[in-house]
Amino acid sequence: MLVFDNVSKVYPNGIKGLQNINLTINAGEFVAIIGLSGAGKSTLLRSINRLESITTGEIMVNNRSITNAGKKELRKIRREIGLISQQFNLVKRSTVQKNVLSGRLGYYGTLKSILGLFTKADYQRTIDALESVDLLDKLHTRSDELSGGQQQRVLIARALVQQAPIILADEPVASLDPITSQKIMMDLKRINEELNKTILINLHSIPLARKFSTRIIALKAGEVVFDGRPELLTSERLERIYAKTIFDEVKGIAYEN
Ligand code: ADP
């Protein structure tokens with residue numbers, strides 16, 4: 001479903017966001033991407049739908065190169081990738097219904113999009129999606145009247161009406177309390193299992209990554225330093241991904257001084 005072939009990303013300031021990434025993600029996987037802040041998690045996720053361009057290598061989505069896709073092809077491929085991200089948030093002053101419907105925009109030309117000409121089927125999909133995340137009662141509510149957790153669920157509903165087989169979630173539970181975080185993760189797990197969506201999620205929480213994912217990929221300085229089933233992520237390995245880095249940094253500062 002997703003293939004990273006020797007992908008590297010160097011930012012204009014010289015920072016290596018990604019280094020020699022080789023990954024194959026299969027349909028139906030629930031992948032948690034972990035690592036320290038600055039490890040490259042967002043860069044990895046955003047490179048999948050080309051919100052971030054890569055410097056070398058190639059990314060394939062369902063056997064098509066998103067790296068080399070022209071404008072029209074890019075639009076088509078992006079339809080297949082839902083994004084749940086705090087940066088690409090809801091239009092706060094619009095209703096929940098409008099925000100979820102906007103998941104259909106990738107299927108329409110510019111004019112139809114501007115006019116907001118949605119079909120009956122689109123409205124029905126919106127209702128179904130909101131029902132599946134238990135938010136149908138908020139259909140006509142303004143999005144800025146919702147709690148953080150409810151807003152994340154609207155984003156999930158939007159990804160569902162988009163009917164994308166791949167869903168990328170960039171720290172969707174970062175600013176939520178533990179109970180709400182669990183609920184959001186359970187929603188994602190359910191759509192992963194029931195609708196066979198392939199899910200890639202950036203997470204700060206190791207316990208959540210362990211509990212919900214089928215595969216954990218750990219990044220450190222833009223490189224994959226662990227890739228495997230959650231139960232293989234031993235405390236020793238975790239130390240290498242997290243603590244040792246901090247230790248090295250502290251040591252570095254000590255030496256510099
Ligand atoms: P994470 O999501 O794991 O916190 P990021 O992917 O955001 O990591 O960042 C990876 C590295 O790339 C970091 O060192 C970060 O400072 C750098 N970086 C991210 N975005 C940019 C940018 N637009 N310009 C320059 N450097 C960037």
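**Ligand site and pocket**

Modeller: In this predicted model, a backbone N or O atom of A39 is placed 3.1 Å from an oxygen atom of the ligand. The protein covers 64% of the 560 Å² of accessible area that the ligand has on its own.

Colleague: Which residue brings a polar side-chain atom to 2.5 Å from an oxygen atom of the ligand?

Modeller: The ligand is surrounded by residues that include G38, A39 and T43. The polar side-chain atom at 2.5 Å from an oxygen atom of the ligand belongs to T43.

Colleague: How many residues of the shell around the ligand are charged?

Modeller: The shell contains Y11, N13, I15, L36, S37, G38, A39, G40, K41, S42 and T43. By class, four of its residues are nonpolar and six are polar, while the number of charged residues is one.

Colleague: Turning to the largest pocket, which elements give two or more residues to its lining?

Modeller: The largest pocket holds about 610 Å³ of space, and its lining is made up of 17 residues, with R78, I81, S102, G106 and Q162 lying nearest the centre. The elements that contribute two or more residues to this lining are α2 (71-79), β6 (81-85) and α6 (148-161).

Colleague: And how many residues of that lining are charged?

Modeller: The lining of the largest pocket comprises 17 residues. Seven of them are nonpolar and six are polar, and the number that are charged is four.

Conventions
Residues numbered from 1 in each chain as written. Predicted model: local features only at pLDDT ≥ 70, side-chain atom pairs only at ≥ 80, totals over all residues. Heavy atoms only, no water. 1 Å grid on protein atoms, 1.4 Å probe; cavity = no way out; pocket = protein on both sides within 12 Å on 5 of 7 lines; lining within 4 Å. Points joined across faces, edges and corners; volume = space filled by probe spheres on them. Helix = DSSP H or I, 4+ residues; strand = E, 2+ residues; numbered from the N terminus. Nonpolar A, V, L, I, M, F, W, Y, C, P; charged D, E, K, R; others polar. Near = heavy atom within 4 Å. Polar contact = N/O pair within 3.5 Å; in protein donor to acceptor, adjacent residues only side chain to side chain. Areas by Shrake-Rupley, 256 points an atom, 1.4 Å probe, with all protein chains shown as cover.
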